[in-house]
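Let's work through a few exercises together. Take a look at the structure first, then try each task before you read its solution.

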Amino acid sequence: MSLGILDLFSIGIGPSSSHTVGPMRAAVRFVDELAEAGLLERVDAVRVGLFGSLGATGIGHGSDSAVLAGLSGKEPETLDPDSVGPLLAEIRETGSLHLGGRTDVPFDVQSDLTLHLRESLPGHPNGMRISAEAAGELIEREYYSVGGGFVVTADELAAEKDAAEAIDAAGDGPGSGGDGPGAAGRDGDVVPFSTADELLEQCRIRGLSIAELMAVNERARQTDETLRARLLAIWAVMRECVHNGCTRTETTLPGGLKVRRRAPELKAKLEAADYRASGSLDALEWVNLYALAVNEENASGGRIVTAPTNGAAGIIPAVLHYMDRFVTGDRTAGGNASSDNGAGAPGASAADDAAVTFLLTAGAIGILFKRNASISGAEVGCQGEVGSACAMAAAGLCAVLGGTPEQVENAAEIGLEHNLGLTCDPVGGLVQVPCIERNAIASVKAINAARLAMHGDGSHRVSLDQAIETMRQTGADMKSKYNETSRGGLAVNVVEC
């Protein structure tokens, strides 16, 4: 398979994986291409154009800042979010870029970076064009940010579509692969699956859980020890993000909407209450806290785990924290999440095992979305972001609860089915309203989906494959004003003030 588990969970910055992380990676890639071609030292001008959804909501999502940071050599995985502001101020003040180590490339932010509000490139709603003049030669590249921080060129996008069509034509349905279940996976070989039905069949043939099958496939990329360490590092960043979101002193989020931060106050209220005695819904209060904390951090441009996007980045961490505190942790003492950092740092290896199982299972479901539909709000609406994250979190929790592969698939389907048709209509182009609360609601949905699936035997009327295909079709039918352009829905009915 072309996708691995760490493709679905990557460390970056907020507020958007497709509008912030993706453009930054595209800019870094452009500079690398200039350097590889031996043209970097000859560049005397650079221009950037953001198209479609990137142009329509680029300011609110920080796309312009992300591109400039990427051209300056900053990468989302290692970037200090606090360094972006001073860097941009310097570019504006000096009128020059830090391009590949150079500091003398002229750049006027007002004239050399253009937001094309009503024009799109043909391949995808999130298109960008970067060009450089090098001693009279024009070097121009077009990139598409296709969701989750993934960036492709027009040729790469066309090749992906051609490959998908060839696979579909070779089998009985989307992504059947032609070889059939059981054709590989012997002695450490990759076990192929492109649909949920194939995934379940492979699990049955080999007697593996979904997490175990994913671990087999990851051995083609890394050792089990490396994989475990990297997944636990992802979990650690998620915990750190919750901690940061709960301890910020700023009272409002940036961007002009004056949205109030709620996580610090909610955390104080929950810690002051005896949540063990006041009612069975108290666990959901903590879930709300975790999701709000992550997405408030995302909205303020903080360090985040793309899971599988930034707009939906709070759901998987929130459900993981629920798992750690109320499922695998010490419930009577508040679990590991009662530590000073408020983030639920797991100590025992059993807790680590649960986190790894969760993420491997969630990643398998995420691969299905990426392969057979989309995780891009600009392409299929928020159902592709929040819907996929909800399904992934439901699957991960169900696996930790002891669910069979069939029950896990059922949990994912429930999580997606009740997010179908969800539009992406951010007010002011900011990942704040309705995005922050939407993550909290979807986190609770994911927990309920997992619990519902555990009460059944895995058999159900609507399959995950059918739900994913429905999501793809629904996204294709959506008007563009509902696909992260801020030209429809709440974005036009809520007054910005």
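**Exercise 1.** Find the order of the strands in the open sheet of 5 strands, and say which strands stand at the edges.

*Solution.* Start with the order: the open sheet reads S5-S2-S6-S7-S8, and its pairing is mixed. Strands here are DSSP E runs of at least two residues, helices are H or I runs of at least four, and both are numbered from the N terminus; two strands pair if DSSP finds at least two bridges between them. Next, look at the ends: S5 (113–115) and S8 (151–153) each have a single partner strand, so one side of each has no neighbour in the sheet. From one strand to the next, the twist averages 25° (axes are lines fitted to C-alpha atoms, for helices over the stretch in contact, and angles between N-to-C directions run from 0 to 180 degrees).

The model is predicted: local features need pLDDT of at least 70 and side-chain atom pairs count only at pLDDT 80 or more, while totals for chains, interfaces and linings use all residues. Residues are numbered from 1 along each chain as its sequence is written, and side-chain values use heavy atoms, leaving out hydrogens and water.

**Exercise 2.** Describe how strands S6 and S7 pair.

*Solution.* S6 (residues 126–134) and S7 (residues 137–145) run antiparallel, paired over 8 bridges.

**Exercise 3.** Is Ser18 buried or exposed?

*Solution.* First, locate Ser18 in helix H2. Its relative accessible area is 2%, so Ser18 is buried (under 20%; exposed is over 50%, partly exposed in between, with a 1.4 Å probe and protein chains only).
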